[in-house]
Amino acid sequence: MFEGLKEQYKDKIADKGLLEQLERLKKAGMDKIAESSLPEELHLVRAKLLGRKGEVTEILKSVGQAAPEVRKILGQAANEVKEVLSAAIDEKHEELLNQASSFSGFADVTLPGIEPLQGGLHPVTQMCYDLNDAFRSLGFEIFTEPEITSELYAFDNLNFAPEHPARESMDTYWLKDHDEKRGAERLCLRPHLTGASVRYLQQHGAPARFVYPGRVYRNETTDARHERAFFQYEALIIDKDFSFASGKVLVKTILDKVFGRDVEVRMRVGFFPFVEPGFEIDMRCLVCGRRGLQGMQACRMDRGNAWRYTASECA
(Lines give C-alpha, C1' and ligand atoms only; values in the text may rest on other atoms or scores of the structure.)
Protein backbone atom coordinates (compact mmCIF):
# COMPACT_ATOMS: atom_id res chain seq x y z
CA MET A 1 0.00 0.00 0.00
CA PHE A 2 2.85 2.37 0.82
CA GLU A 3 4.52 1.95 -2.57
CA GLY A 4 1.22 2.54 -4.38
CA LEU A 5 0.57 5.71 -2.42
CA LYS A 6 4.07 7.03 -2.99
CA GLU A 7 3.77 6.44 -6.71
CA GLN A 8 0.30 8.00 -6.89
CA TYR A 9 1.34 11.12 -5.02
CA LYS A 10 5.02 11.37 -6.01
CA ASP A 11 4.64 15.07 -6.74
CA LYS A 12 3.34 15.88 -3.25
CA ILE A 13 6.56 15.86 -1.22
CA ALA A 14 4.93 16.47 2.16
CA ASP A 15 2.46 13.60 1.78
CA LYS A 16 5.14 11.32 0.37
CA GLY A 17 7.35 12.08 3.36
CA LEU A 18 4.51 11.22 5.71
CA LEU A 19 4.08 7.85 4.02
CA GLU A 20 7.79 7.16 4.29
CA GLN A 21 7.68 8.15 7.96
CA LEU A 22 4.83 5.71 8.54
CA GLU A 23 6.76 2.96 6.78
CA ARG A 24 9.87 3.54 8.91
CA LEU A 25 7.78 3.74 12.06
CA LYS A 26 6.06 0.47 11.26
CA LYS A 27 9.36 -1.35 10.72
CA ALA A 28 10.99 0.12 13.84
CA GLY A 29 7.89 -0.66 15.92
CA MET A 30 7.82 -4.29 14.82
CA ASP A 31 11.49 -4.62 15.74
CA LYS A 32 10.91 -3.17 19.22
CA ILE A 33 7.95 -5.48 19.77
CA ALA A 34 10.00 -8.52 18.76
CA GLU A 35 12.85 -7.48 21.09
CA SER A 36 10.56 -7.14 24.15
CA SER A 37 11.16 -9.97 26.60
CA LEU A 38 9.03 -8.80 29.54
CA PRO A 39 5.43 -7.58 29.79
CA GLU A 40 6.72 -4.37 31.33
CA GLU A 41 8.94 -3.69 28.34
CA LEU A 42 6.07 -4.38 25.96
CA HIS A 43 3.89 -1.95 27.90
CA LEU A 44 6.45 0.80 27.36
CA VAL A 45 6.60 0.02 23.64
CA ARG A 46 2.81 0.24 23.40
CA ALA A 47 2.80 3.61 25.17
CA LYS A 48 5.60 4.96 22.94
CA LEU A 49 3.87 3.90 19.72
CA LEU A 50 0.15 4.00 20.40
CA GLY A 51 -0.25 6.03 23.60
CA ARG A 52 -1.92 9.42 23.81
CA LYS A 53 1.39 11.04 22.84
CA GLY A 54 2.73 8.06 20.91
CA GLU A 55 4.46 8.34 17.55
CA VAL A 56 1.63 6.81 15.54
CA THR A 57 -0.89 8.98 17.37
CA GLU A 58 1.07 12.12 16.51
CA ILE A 59 1.17 11.17 12.83
CA LEU A 60 -2.58 10.63 12.83
CA LYS A 61 -2.96 14.14 14.22
CA SER A 62 -0.78 15.58 11.44
CA VAL A 63 -2.81 13.91 8.68
CA GLY A 64 -5.24 16.81 8.95
CA GLN A 65 -2.55 19.14 7.59
CA ALA A 66 -2.21 17.19 4.33
CA ALA A 67 -3.87 18.20 1.09
CA PRO A 68 -7.62 17.49 1.06
CA GLU A 69 -7.43 15.15 -1.91
CA VAL A 70 -4.97 12.78 -0.20
CA ARG A 71 -6.06 13.21 3.42
CA LYS A 72 -8.32 10.16 3.30
CA ILE A 73 -5.63 7.93 1.80
CA LEU A 74 -3.05 9.06 4.37
CA GLY A 75 -5.51 8.47 7.18
CA GLN A 76 -6.15 4.95 5.94
CA ALA A 77 -2.40 4.29 5.79
CA ALA A 78 -1.86 5.59 9.34
CA ASN A 79 -4.74 3.52 10.69
CA GLU A 80 -3.36 0.46 8.93
CA VAL A 81 -0.02 0.93 10.69
CA LYS A 82 -1.81 1.41 14.01
CA GLU A 83 -3.82 -1.80 13.57
CA VAL A 84 -0.76 -3.83 12.52
CA LEU A 85 1.28 -2.64 15.48
CA SER A 86 -1.60 -3.14 17.91
CA ALA A 87 -2.18 -6.72 16.71
CA ALA A 88 1.54 -7.46 16.95
CA ILE A 89 1.66 -6.13 20.53
CA ASP A 90 -1.34 -8.24 21.57
CA GLU A 91 0.19 -11.35 20.02
CA LYS A 92 3.51 -10.69 21.75
CA HIS A 93 1.76 -10.08 25.06
CA GLU A 94 -0.01 -13.44 24.80
CA GLU A 95 3.30 -15.11 24.01
CA LEU A 96 4.97 -13.56 27.05
CA LEU A 97 2.12 -14.64 29.30
CA ASN A 98 2.44 -18.22 28.06
CA GLN A 99 6.15 -18.15 28.90
CA ALA A 100 5.63 -16.56 32.32
CA SER A 101 5.78 -19.93 34.11
CA SER A 102 9.33 -20.51 32.92
CA PHE A 103 12.02 -19.55 35.40
CA SER A 104 15.52 -18.41 34.68
CA GLY A 105 18.15 -17.81 37.29
CA PHE A 106 19.05 -19.28 40.66
CA ALA A 107 16.48 -20.33 43.23
CA ASP A 108 17.14 -21.88 46.62
CA VAL A 109 14.49 -24.61 46.77
CA THR A 110 15.50 -25.47 50.36
CA LEU A 111 14.04 -22.24 51.73
CA PRO A 112 10.75 -22.69 53.64
CA GLY A 113 7.62 -21.66 51.79
CA ILE A 114 5.07 -19.08 52.85
CA GLU A 115 2.27 -20.65 54.83
CA PRO A 116 -1.06 -19.73 53.23
CA LEU A 117 -3.67 -17.98 55.33
CA GLN A 118 -6.35 -20.33 56.53
CA GLY A 119 -9.94 -19.53 57.32
CA GLY A 120 -11.91 -20.84 60.25
CA LEU A 121 -15.30 -22.45 60.71
CA HIS A 122 -18.28 -20.37 61.75
CA PRO A 123 -18.85 -20.78 65.53
CA VAL A 124 -22.26 -22.39 64.92
CA THR A 125 -20.75 -24.88 62.47
CA GLN A 126 -17.89 -25.65 64.85
CA MET A 127 -20.29 -26.20 67.75
CA CYS A 128 -22.40 -28.52 65.60
CA TYR A 129 -19.32 -30.56 64.66
CA ASP A 130 -18.23 -30.76 68.30
CA LEU A 131 -21.69 -31.94 69.39
CA ASN A 132 -21.78 -34.52 66.58
CA ASP A 133 -18.43 -35.92 67.72
CA ALA A 134 -19.55 -36.05 71.33
CA PHE A 135 -22.82 -37.84 70.53
CA ARG A 136 -21.14 -40.26 68.11
CA SER A 137 -18.75 -41.26 70.88
CA LEU A 138 -21.81 -42.29 72.92
CA GLY A 139 -23.33 -44.38 70.15
CA PHE A 140 -25.75 -41.87 68.61
CA GLU A 141 -26.58 -41.69 64.90
CA ILE A 142 -26.63 -38.35 63.02
CA PHE A 143 -29.91 -37.86 61.13
CA THR A 144 -30.94 -35.10 58.71
CA GLU A 145 -34.19 -34.19 56.97
CA PRO A 146 -35.13 -31.67 54.23
CA GLU A 147 -35.53 -28.04 55.30
CA ILE A 148 -38.90 -27.97 53.51
CA THR A 149 -41.42 -30.00 55.47
CA SER A 150 -45.20 -30.23 55.74
CA GLU A 151 -47.95 -29.46 58.22
CA LEU A 152 -48.23 -33.20 58.80
CA TYR A 153 -44.70 -33.52 60.21
CA ALA A 154 -44.35 -30.04 61.68
CA PHE A 155 -47.66 -30.01 63.59
CA ASP A 156 -50.16 -32.86 63.06
CA ASN A 157 -47.85 -35.72 64.08
CA LEU A 158 -46.78 -33.75 67.16
CA ASN A 159 -50.34 -33.20 68.45
CA PHE A 160 -50.42 -29.44 67.89
CA ALA A 161 -54.04 -28.35 68.17
CA PRO A 162 -55.70 -27.24 64.88
CA GLU A 163 -56.06 -23.69 66.23
CA HIS A 164 -52.52 -23.52 67.60
CA PRO A 165 -50.97 -20.08 66.81
CA ALA A 166 -47.77 -21.68 65.50
CA ARG A 167 -49.79 -22.85 62.49
CA GLU A 168 -50.49 -19.26 61.47
CA SER A 169 -48.43 -17.32 58.93
CA MET A 170 -47.37 -14.93 61.67
CA ASP A 171 -45.15 -17.72 63.02
CA THR A 172 -44.55 -20.17 60.15
CA TYR A 173 -43.29 -19.60 56.60
CA TRP A 174 -45.78 -21.42 54.37
CA LEU A 175 -44.76 -21.95 50.76
CA LYS A 176 -46.63 -19.98 48.11
CA ASP A 177 -49.90 -21.59 46.99
CA HIS A 178 -49.73 -24.08 49.88
CA ASP A 179 -51.16 -22.01 52.74
CA GLU A 180 -54.74 -23.09 51.96
CA LYS A 181 -53.93 -26.80 51.81
CA ARG A 182 -53.81 -29.22 54.73
CA GLY A 183 -51.68 -32.04 56.06
CA ALA A 184 -48.93 -33.50 53.87
CA GLU A 185 -49.85 -31.16 50.98
CA ARG A 186 -49.35 -27.99 53.01
CA LEU A 187 -45.62 -27.27 52.71
CA CYS A 188 -43.54 -24.89 54.78
CA LEU A 189 -40.00 -24.12 55.88
CA ARG A 190 -39.55 -26.27 58.95
CA PRO A 191 -40.27 -24.20 62.10
CA HIS A 192 -38.47 -26.70 64.37
CA LEU A 193 -36.60 -30.01 64.20
CA THR A 194 -38.91 -32.23 66.22
CA GLY A 195 -40.73 -33.45 63.11
CA ALA A 196 -37.49 -35.17 62.09
CA SER A 197 -37.92 -37.59 64.98
CA VAL A 198 -41.18 -38.83 63.41
CA ARG A 199 -39.47 -39.34 60.05
CA TYR A 200 -36.63 -41.30 61.65
CA LEU A 201 -38.94 -43.55 63.66
CA GLN A 202 -41.08 -44.25 60.60
CA GLN A 203 -37.95 -45.37 58.74
CA HIS A 204 -36.05 -47.20 61.48
CA GLY A 205 -38.45 -47.86 64.34
CA ALA A 206 -37.50 -48.29 68.01
CA PRO A 207 -35.33 -48.59 70.01
CA ALA A 208 -33.56 -45.49 68.74
CA ARG A 209 -30.70 -43.23 69.74
CA PHE A 210 -30.02 -40.35 67.33
CA VAL A 211 -29.50 -36.60 66.98
CA TYR A 212 -30.82 -34.31 64.26
CA PRO A 213 -29.16 -30.86 63.93
CA GLY A 214 -30.15 -28.24 61.38
CA ARG A 215 -31.47 -24.83 60.42
CA VAL A 216 -35.07 -23.80 61.17
CA TYR A 217 -37.19 -20.82 60.10
CA ARG A 218 -39.71 -18.70 61.99
CA ASN A 219 -41.39 -15.41 61.20
CA GLU A 220 -39.56 -13.47 63.91
CA THR A 221 -38.88 -9.78 64.38
CA THR A 222 -35.10 -9.80 64.25
CA ASP A 223 -33.06 -8.29 67.06
CA ALA A 224 -29.92 -9.16 69.03
CA ARG A 225 -31.49 -12.40 70.34
CA HIS A 226 -33.88 -13.38 67.53
CA GLU A 227 -33.41 -14.27 63.86
CA ARG A 228 -35.66 -15.59 61.13
CA ALA A 229 -33.28 -18.45 60.40
CA PHE A 230 -31.37 -20.11 63.23
CA PHE A 231 -29.98 -23.49 64.27
CA GLN A 232 -31.36 -26.11 66.61
CA TYR A 233 -29.84 -29.36 67.85
CA GLU A 234 -32.07 -32.15 69.12
CA ALA A 235 -31.36 -35.62 70.46
CA LEU A 236 -33.78 -38.49 71.06
CA ILE A 237 -33.52 -41.78 72.94
CA ILE A 238 -36.33 -44.33 72.82
CA ASP A 239 -35.51 -47.37 74.92
CA LYS A 240 -36.54 -49.37 77.97
CA ASP A 241 -35.29 -48.65 81.49
CA PHE A 242 -33.84 -45.23 80.65
CA SER A 243 -34.35 -42.95 83.65
CA PHE A 244 -34.43 -39.18 83.97
CA ALA A 245 -31.25 -39.43 86.04
CA SER A 246 -29.57 -41.14 83.08
CA GLY A 247 -30.72 -38.29 80.84
CA LYS A 248 -29.20 -35.74 83.19
CA VAL A 249 -25.90 -37.63 83.25
CA LEU A 250 -25.97 -37.89 79.45
CA VAL A 251 -26.45 -34.13 79.00
CA LYS A 252 -23.69 -33.35 81.49
CA THR A 253 -21.32 -35.78 79.72
CA ILE A 254 -22.00 -34.13 76.35
CA LEU A 255 -21.45 -30.62 77.77
CA ASP A 256 -18.22 -31.68 79.48
CA LYS A 257 -16.91 -33.12 76.19
CA VAL A 258 -17.87 -30.09 74.09
CA PHE A 259 -16.57 -27.41 76.47
CA GLY A 260 -13.56 -29.39 77.65
CA ARG A 261 -14.22 -28.84 81.36
CA ASP A 262 -16.64 -29.73 84.12
CA VAL A 263 -20.04 -28.12 83.54
CA GLU A 264 -22.56 -27.89 86.38
CA VAL A 265 -26.14 -28.79 85.40
CA ARG A 266 -29.52 -28.82 87.11
CA MET A 267 -32.89 -30.46 86.29
CA ARG A 268 -36.24 -28.73 86.81
CA VAL A 269 -39.85 -29.42 85.88
CA GLY A 270 -41.00 -27.84 82.59
CA PHE A 271 -44.38 -27.74 80.87
CA PHE A 272 -44.72 -29.02 77.29
CA PRO A 273 -48.26 -29.36 75.87
CA PHE A 274 -47.46 -32.48 73.84
CA VAL A 275 -45.67 -34.60 76.50
CA GLU A 276 -46.13 -35.46 80.14
CA PRO A 277 -44.14 -35.28 82.32
CA GLY A 278 -41.59 -32.77 81.06
CA PHE A 279 -38.27 -31.63 82.50
CA GLU A 280 -35.67 -29.07 81.50
CA ILE A 281 -31.93 -29.14 82.10
CA ASP A 282 -29.91 -25.94 82.60
CA MET A 283 -26.17 -25.46 82.61
CA ARG A 284 -24.23 -23.06 84.76
CA CYS A 285 -23.23 -19.97 82.75
CA LEU A 286 -19.61 -20.39 81.64
CA VAL A 287 -19.14 -16.64 81.16
CA CYS A 288 -19.82 -15.43 84.69
CA GLY A 289 -19.81 -18.81 86.48
CA ARG A 290 -21.76 -18.66 89.72
CA ARG A 291 -21.70 -14.89 89.99
CA GLY A 292 -24.81 -14.01 87.99
CA LEU A 293 -25.20 -10.41 89.16
CA GLN A 294 -22.17 -8.19 89.64
CA GLY A 295 -23.42 -5.24 91.64
CA MET A 296 -25.88 -3.51 89.31
CA GLN A 297 -24.41 -5.16 86.20
CA ALA A 298 -26.07 -8.41 85.08
CA CYS A 299 -24.29 -10.98 82.91
CA ARG A 300 -25.49 -10.51 79.33
CA MET A 301 -25.40 -14.24 78.61
CA ASP A 302 -27.63 -15.47 81.45
CA ARG A 303 -29.44 -12.18 82.30
CA GLY A 304 -28.27 -12.35 85.87
CA ASN A 305 -29.54 -15.76 87.00
CA ALA A 306 -26.24 -17.64 86.40
CA TRP A 307 -28.03 -20.47 84.53
CA ARG A 308 -28.69 -21.10 80.86
CA TYR A 309 -31.33 -23.41 79.40
CA THR A 310 -29.80 -26.31 77.45
CA ALA A 311 -32.22 -29.23 77.08
CA SER A 312 -35.61 -30.69 77.84
CA GLU A 313 -36.26 -34.20 79.13
CA CYS A 314 -39.67 -35.60 78.22
CA ALA A 315 -41.43 -38.90 78.75
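**Salt bridges and their surroundings**

Tutor: Let us begin with Asp256, which in this predicted model is partly exposed, with a relative accessible area of 22%.

Student: What makes Asp256 and Lys252 a salt bridge?

Tutor: The closest N and O atoms of Asp256 and Lys252 are 3.5 Å apart, and the cut-off is 4 Å, so the pair qualifies as a salt bridge. Both residues lie in helix 9 (residues 244-259), four residues apart, which is about one turn of the helix.

Student: How do you know that Lys92 forms a salt bridge with Glu95?

Tutor: Their closest N and O atoms are 3.9 Å apart, which is within the 4 Å required, so the contact is counted. Lys92 and Glu95 are three residues apart in helix 5 (residues 68-98), and are therefore separated by about one helical turn.

Student: Why is Lys92 called buried, and what is the class of Glu95?

Tutor: Lys92 has a relative accessible area of 13%, and because buried means under 20%, Lys92 is buried; Glu95, with 36%, is partly exposed.

Student: Which residue forms a salt bridge with Glu151, and where do the two lie?

Tutor: Glu151 pairs with Arg167, the closest N and O atoms being 2.9 Å apart. The pair links distant parts of the chain, with Glu151 in helix 7 (residues 151-154) and Arg167 in the loop between helix 7 and strand 3 (187-189), 16 residues apart. Both Glu151 and Arg167 are buried.

How values were computed. Residues numbered from 1 in each chain as written. Predicted model: local features only at pLDDT ≥ 70, side-chain atom pairs only at ≥ 80, totals over all residues. Heavy atoms only, no water. Salt bridge = Lys/Arg side-chain N within 4 Å of Asp/Glu carboxyl O. Buried < 20%, exposed > 50% of the residue type's maximum accessible area, 1.4 Å probe, protein only.
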